[in-house]
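Hi everyone, thanks for making time this morning. Please bring up the model on your screens, and I'll walk you through a few parts of it.

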Amino acid sequence: MRIGVLTGGGDCPGLNAVIRAVVRKGVGIYGHEFVGFRDGWRGPLEQLTTELGVPEVRGILPRGGTILGSSRTNPFSVDGGSERVRQNLHDLGVDALVAIGGEDTLGVATRLTELGVNVVGVPKTIDNDLSATDYTFGFDTAVNIATEAIDRLHTTAESHHRALIVEVMGRHAGWIALHSGLAGGANVILIPEIPFSIERVCAYVESRFQSQYAPILVVAEGAMPEQSEQLSLGRPGAGGVDAFGHARLGGIGEWLAGQIETRTGKEARTIVLGHIQRGGTPSAFDRVLATRFGLAAIDAVQDGDFGTMVALRATDIVRVRLAAATSELKTVPAELYAEAEVFFG
Ligand code: F6P
């Protein structure tokens, strides 16, 4: 079989580990041939290919990013795009595709499956917001990076008696904020799933100062106050929306710092962790998970089990239908947030 591999959407640590596992098992055990598609769905759309064999995947296990490149290209938002993808795959003699991506990339994979393209999906995203899998790889690394940042910020916050606000990624899910905030001992954690009261946040800040500690607030980029009508955050004008209609988020940390200074009289500063959370080497957990996903994905291809996605259920790797995997976003349940609330203030 000749198999195409692509990585789409925001990159995350562990993508190379998946590619390596797919190719090593595909070539070594099943005797498959591979073609790498560059820059996500732009690769099959524009016939951007690259060699992909065992020599190309040597030494890439610990490397962040993706040797194939990535993009947020959506063939369904291009005129005749999906037809071009199908034709190009046919012209290149590609029998099946392994698509490694998040909600958007796998959403395209689902639609292409319905059009008869043979696709197996692998879930990735630092946001951990894909239903049908307990964890996506990239998330553990992002949480570790954010936790280390929080640990470091505690000492400087205390030296200067300041409130420090750490804005983390996660889009419309609060997983990174919740986990890094819990692990780092945050004073308050704010997530998109639960609009927050600015009065209560300021009360937590004041109570933390009273106990002679400086507060650290972890805020997810998608978090919003209860009365958010007046609040215009993000950069819908400047950055626009991507091909999947997502606006760039960001700005809630700065807004929060302003509110805290005005309402409590304490100095507050914001640290936006941004893409640092996505860069660099994957954690050991993510390397193992990504490797297991890659091995399971090539098994699914070998079995001709297309239209599926590999997923983690407890400690097992299973196959689920692609359509089910992308049908809804996995967000933080209220019970989990309540566990974290015990430590607020
Ligand atoms: O989905 C991953 C993610 O890092 C989100 O947490 C974040 O909102 C978004 O991608 C940022 O996208 P970009 O890299 O295009 O700025």
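Let's begin with strand 10, residues 308-313: five of its six residues are buried, so this strand is largely enclosed by the rest of the structure. Buried here means under 20% relative accessible area, exposed means over 50%, and partly exposed is in between, using a 1.4 Å probe and protein chains only. Helices (H or I, at least four residues) and strands (E, at least two) are DSSP runs, numbered from the N terminus.

A quick word on the source: this is a predicted model, so local features need pLDDT of at least 70 and side-chain atom pairs count only at pLDDT 80 or more, while totals for chains, interfaces and linings use all residues. Residues are numbered from 1 along each chain as its sequence is written, and side-chain values use heavy atoms, with hydrogens and water left out.

Back to strand 10 and its neighbours. Two strands pair if DSSP finds at least two bridges between them. Strand 10 runs parallel to strand 5, with two bridges joining them, and valine 120 has threonine 308 as its bridge partner in strand 10. With strand 11, residues 316-321, strand 10 runs antiparallel, and six bridges join the two. Methionine 309 stands opposite valine 320 of strand 11. These two strands form a hairpin with two residues between them, and alanine 314 in the turn has a positive phi of about 55 degrees.

Now follow the pairing to strand 4. How many of the residues of strand 4 are buried? Six of the six, residues 96-101, so strand 4 is largely enclosed by the rest of the structure. In a regular strand the side chains alternate between the two faces of the sheet. Here both faces are covered: Ala96, Val98 and Ile100 are buried on one side, and Leu97, Ala99 and Gly101 are buried on the other.

Which strands pair with strand 4? Strand 1, residues 2-7, runs parallel to strand 4 and is joined to it by five bridges, with threonine 7 partnered by isoleucine 100. Strand 5, residues 119-123, also runs parallel to strand 4, again through five bridges, and glycine 101 stands opposite proline 123. Strand 4, helix 5 (residues 103-114) and strand 5 make a right-handed β-α-β unit. Right-handed means that, with the strands pointing away from the viewer, the path from the first strand over the helix to the second runs clockwise.

Next, some charges. A salt bridge is a side-chain nitrogen of Lys or Arg within 4 Å of a carboxyl oxygen of Asp or Glu, and the structure holds 13 of them. One of them joins lysine 25 and aspartate 299, with the closest N and O atoms 2.9 Å apart. Lysine 25 lies in helix 1 (residues 15-28) and aspartate 299 in helix 10 (residues 284-303), so the pair ties together parts that are 274 residues apart in sequence. Lysine 25 counts as partly exposed, at 21% relative accessibility.

Glutamate 148 is partly exposed at 42%, whereas arginine 152 is exposed at 56%.

And which charged residue is buried yet has no salt bridge? That is aspartate 127, whose nearest side chain of opposite charge, arginine 171, is 5.0 Å away. For charge, Lys and Arg count as positive and Asp and Glu as negative; His and the chain ends are not counted. Aspartate 127 is found in the loop between strand 5 and helix 6 (139-160). Leaving out residues up to four places away in sequence, aspartate 127 touches Gly170, Arg171, Ala173, Trp175 and Ile176, where contact means heavy atoms within 4.5 Å.

Arginine 171 is buried too, with a relative accessible area of 17%, and lies in the loop between strand 6 (163-168) and helix 7 (175-184). Among the residues that arginine 171 touches are Arg72, Asp104, Glu221 and Asp242.

Last, the cysteines. The structure holds zero disulfides, a disulfide being a pair of cysteine sulfur atoms within 2.5 Å. Cysteine 12 is buried at 0%, and cysteine 202 is buried at 5%.
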